[in-house]
Amino acid sequence: MAVLEWLRRHKDAPVQTVERYLNRAVKGGSSCGGCGRGCPIGFTSKSGSWKDTDQCKTFKWWILLSTATKSVGVCIIRRGFAARIHCHKPEEKYHVLKGRAMMRVGDRLKVLKAGERVRIPTGQKHALTALSPVVILLFSFNIPFEQVKYKIFRTFIRGPTSTYTSQKQIKKK
């Protein structure tokens with residue numbers, strides 16, 4: 001897949017360059033919720049709506065491949081994105097290409113860095129948020145993406161924001 005190879009070779013490129021490339025290379029461009037084309041932020045669930053256009057500035061994703069037996073996508077998460085905990089029937093796999101992220105799977109938290117992979121078992125509640133300014137990751141399912149049915153919960157996982165103040169900074173003031 002040419003897009004995956006490009007992402008691997010350009011993992012240190014500025015995020016704006018990566019976004020421009022993905023918008024040109026992937027049919028349909030970004031699936032960000034701001035454009036109304038099906039971003040998970042716009043999904044609704046029994047627990048209510050997940051629509052929040054402010055989140056579109058910090059979370060964008062593209063489906064690179066969706067066949068009868070597999071789907072692969074890439075997402076860009078910026079610091080400040082507040083991910084809702086969610087689950088779905090098929091197993092999901094993440095591969096972090098760039099940055100550091102905090103991942104919750106079930107009741108466990110784990111920090112992921114570039115090069116690491118994680119497998120999320122079927123039906124397991126999970127969410128991810130950026131710890132570095134930008135995280136780029138691949139995600140995949142063993143079914144067509146169109147068949148993934150999300151169950152969204154009201155609970156968020158939040159990482160530090162760009163206005164985060166550490167205890168050392170507070171003591172200096």
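**Figure 1. Residues 30–53 form a stretch in which pLDDT stays under 50.** In this predicted model, residues 30–53 have 46 contacts beyond four places in sequence. A further stretch, residues 161–173, also has pLDDT below 50, and the model gives this segment five contacts beyond near neighbours in sequence. For the protein chain as a whole, the mean pLDDT is 75, and 72% of the residues reach 70 or more. Where pLDDT is low, the predicted coordinates should not be read in detail.

**Figure 2. Helix α2 (residues 15–25) and its buried residues.** The buried positions of α2 are V15, V18, E19, Y21 and L22. Viewed down the axis of α2, these buried residues fall within an arc of 165°, so they line one face of the helix. An α-helix has 3.6 residues a turn, so residues three or four places apart point the same way. The packing partners of the buried α2 residues are α1 (2–9), β3, β4 (71–78) and β11.

**Figure 3. The largest nonpolar core, with 28 residues.** Within this core, the residues with the most contacts are I77, Y94, M103, L128, L137 and F139. Strand β11 (residues 134–141) supplies the largest share of the core, namely four residues. A second, separate core comprises 19 residues, including Y21, L22, V72 and V134. Two of these, Y21 and L22, are also listed among the buried residues of helix α2.

**Figure 4. Surroundings of F139.** Neighbours within four places in sequence are left aside in this view. F139 is in contact with W61, W62 and I63, with S71, V72, G73, V74 and C75, with E92, K93 and Y94, and with F145. V72, another contact of F139, is included in the second, separate core.

**Figure 5. The buried cysteines C75 and C87.** C75 counts as buried because its relative accessibility is 5%, under the 20% cut-off. C87, at 11% relative accessibility, is likewise counted as buried. A search of the whole structure finds zero disulfides. C75 is in contact with F139.

**Figure 6. T58 in the loop between β2 (48–49) and β3 (59–66).** T58 has a relative accessibility of 13% and therefore counts as buried. Apart from residues up to four places away in sequence, T58 touches I76, I77, R78, R79, G80 and F81.

Methods. Residues are numbered from 1 along each chain as its sequence is written. This is a predicted model: local features need pLDDT of at least 70, side-chain atom pairs count only at pLDDT 80 or more; totals for chains, interfaces and linings use all residues. Side-chain values use heavy atoms; hydrogens and water are left out. Helices (H or I, at least four residues) and strands (E, at least two) are DSSP runs, numbered from the N terminus. Buried means under 20% relative accessible area, exposed over 50%, partly exposed in between (1.4 Å probe, protein chains only). Contact means heavy atoms within 4.5 Å. A nonpolar core is a set of buried Ala, Val, Leu, Ile, Met, Phe, Trp, Tyr and Cys residues joined through side-chain atoms within 4.5 Å. A disulfide is a pair of cysteine sulfur atoms within 2.5 Å. pLDDT is the predictor's confidence in each residue, from 0 to 100. The arc is that of the directions from the helix axis to the C-beta atoms.
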